[in-house]
Amino acid sequence: MSAVTDDIATDATPALRRAIEWKTWKAPIILGVFAVLGIVLFVLLPREGASTFRFSNTGDAIRLPNLTLPTHGTGIVVAVLLVLLAIGGFMLARASRAAKLWLMIAFAFAFMVGFLTWAAAGHTIPFTGLLLGTVSLSVPLIFGALGGVISERGGVVNVAIEGQFLAGAFVSALVASATNSLVLGLVAALVAGMLVSFVLAAFSITYFVDQVIVGVVLNVLVTGLTSFLYSEVLAPSATVLNYPPRFPRLAIPGLSDIPIIGPVLFDQTVIVYLMYVAVAAVYFGLFHTRWGLRLRSVGEHPQAADTVGINVAATRFWNVSLAGAIAGLGGAYFTLGSVGAFTKEMTAGQGFIALAAVIFGRWDPIRATLAALLFGFATNLQNVLGIIGSPVPSEFMLMLPYVVTIFAVAGLVGHSRAPAADGKPYIKS
């Protein structure tokens with residue numbers, strides 16, 4: 001018996017060694033690839049002129065001066081810095097040490113500065129506006145990602161975030177228009193998202209139907225239903241049923257006057273402030289309360305949770321419903337905080353991006369929020385570059401968040417492991 005065990009260990013050791021070696025070298029390889037890309041863009045394909053970054057607007061209480069950088073000179077400096085950081089990553093790998101977090105952050109910051117300077121040659125980038133648009137585009141993604149984290153931490157894959165978005169957007173527009181009440185519109189969005197989750201929970205938890213299939217079917221169902229109701233109900237009476245009021249911006253005195261951060265974070269609508277509260281509440285609740293411990297236990301080891309008296313089915317059911325309610329708030333943002341009137345398929349696949357943020361964020365609410373902000377930044381960046389006439393095709397900028405997500409899922413941005421029981425129905429023995 002010991003001989004067989006020794007043979008297995010001997011056979012597994014080379015594979016394990018290769019896996020550890022790849023884990024050590026993958027970060028330096030990625031840094032090297034992007035360093036070469038930086039050399040090609042900033043040195044071999046230089047752009048002349050100067051790039052200006054505007055940090056303040058005309059009406060700001062505290063105005064910061066603009067920052068003007070020589071495009072070609074800055075590109076050369078950034079390219080050299082990227083090469084040095086990549087060499088540092090390779091040296092750490094040769095010493096069998098993983099790349100430091102600060103090195104990765106410094107590399108990403110340097111590359112972004114170089115790219116923005118190169119892309120904005122001869123133009124001005126409104127930096128505050130870039131960040132403000134990032135937050136605005138990220139709000140529904142963050143709500144959806146929080147819903148996805150709660151659901152999947154409990155063991156249920158929530159592919160139906162897109163359907164929850166659409167349901168929340170449609171019902172909030174209808175109710176807010178009919179009652180002229182923003183509060184009732186928000187409540188209606190919560191209920192709509194929860195109802196979609198009820199269906200997901202009932203089929204996946206009670207009847208053990210494949211969770212991914214149920215989520216996809218729900219997305220198609222809600223898309224078709226809202227499109228039909230839009231054509232038959234909202235469109236003929238648009239001024240009565242599809243003309244919702246929108247939340248005004250509420251500046252927080254003192255905080256909104258802080259340069260850059262103030263206009264971006266503290267001059268927002270009620271829904272954005274609710275998002276701040278939701279992120280903090282989900283994080284605290286998930287890792288520092290009994291509710292979070294129970295939720296994580298049924299997602300990691302439902303048999304053990306059942307053994308200590310936790311009702312696995314009920315815990316999953318109600319937390320999936322809570323996740324749907326939170327995602328419904330993200331849908332309400334489209335109609336009550338951003339776009340206004342409901343239109344067919346107005347969420348445009350944002351629910352799937354929110355699901356990608358859950359994976360990219362490793363099922364952690366803070367990391368998922370940062371991943372959603374990355375998606376929002378990439379989307380808004382292509383808008384800004386299009387406005388200033390940058391030579392970078394907008395399609396390439398739209399690809400960026402998805403490419404990063406592929407890297408993350410492939411394990412190139414750290415190890416990504418779902419809850420052990422995620423997507424697995426629990427059948428009590």
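Helix 2 (residues 71–94) comprises 24 residues and reaches 35 Å from its first C-alpha to its last, close to the 34 Å expected at 1.5 Å a residue. The expected span is 1.5 Å times one less than the number of residues; helices (H or I, at least four residues) and strands (E, at least two) are DSSP runs, numbered from the N terminus. The model is predicted, so that local features need pLDDT of at least 70 and side-chain atom pairs count only at pLDDT 80 or more, while totals for chains, interfaces and linings use all residues. Residues are numbered from 1 along each chain as its sequence is written, and side-chain values use heavy atoms, with hydrogens and water left out.

The secondary structure of the protein chain comes to 16 helices and five strands. Of its 429 residues, 47% count as buried, where buried means under 20% relative accessible area, exposed over 50%, and partly exposed in between (1.4 Å probe, protein chains only). Among contacts (heavy atoms within 4.5 Å) between residues at least 6 apart in sequence, 76% join residues at least 24 apart.

Buried positions of helix 2 include Thr71, Gly75, Leu82, Leu85 and Leu92. Just after this helix, Ser96 takes a positive phi of about 60°. Helix 7 (residues 211–234) also has 24 residues, which should span 34 Å at 1.5 Å a residue; the end C-alpha atoms are 32 Å apart, which agrees. At the start of helix 7, a side-chain oxygen of Asp210 reaches to within 3.1 Å of the backbone nitrogen of Val212. Among the buried residues of helix 7 are Gln211, Val214, Leu218, Asn219 and Leu234. The buried residues of this helix pack against helix 5 (161–179), helix 6, helix 8 (238–241) and helix 14 (350–360).

A nonpolar core is a set of buried Ala, Val, Leu, Ile, Met, Phe, Trp, Tyr and Cys residues joined through side-chain atoms within 4.5 Å. The largest such core has 39 residues, and those with the most contacts inside it are Val139, Phe143, Leu146, Leu186, Ile271 and Leu336. Two or more residues are given to this core by each of helix 4 (127–153), helix 6, helix 10 (270–288), helix 13, helix 14 and helix 15 (365–388). Helix 4 gives the most, with nine residues. Leaving aside neighbours within four places in sequence, Ile271 is in contact with Val139, Phe143, Leu186, Phe247, Ala332, Tyr333, Leu336 and Gly337. Apart from this core lies another, of 30 residues, among them Ala35, Leu69, Leu116 and Ile125.

Rings of Phe, Tyr and Trp (its six-membered ring) pair if their centres lie within 6.5 Å; planes under 30 degrees apart count as stacked, over 60 as edge-to-face and the rest as tilted. By this rule the count comes to 13 aromatic pairs. The rings of Phe115 and Trp118 have centres 6.3 Å apart and planes at 35°, so this pair is tilted. Both residues lie in helix 3 (residues 101–119), three residues apart, about one turn of the helix, and both are buried. The rings of Phe198 and Phe317, by contrast, have centres 5.7 Å apart and planes at 25°, so this pair is stacked. Because Phe198 lies in helix 6 (residues 182–206) and Phe317 in helix 13 (residues 312–338), the pair ties together parts that are 119 residues apart in sequence. Phe198 counts as partly exposed, at 27% relative accessibility. Phe34, Phe42 and Phe111 form one aromatic cluster.

The charged end of Arg47 sits over the ring of Trp118, 5.9 Å from its centre; the criterion is NZ of Lys or CZ of Arg within 6 Å of the ring centre and within 35 degrees of the ring normal.

Conventions. Polar contact = N/O pair within 3.5 Å; in protein donor to acceptor, adjacent residues only side chain to side chain.
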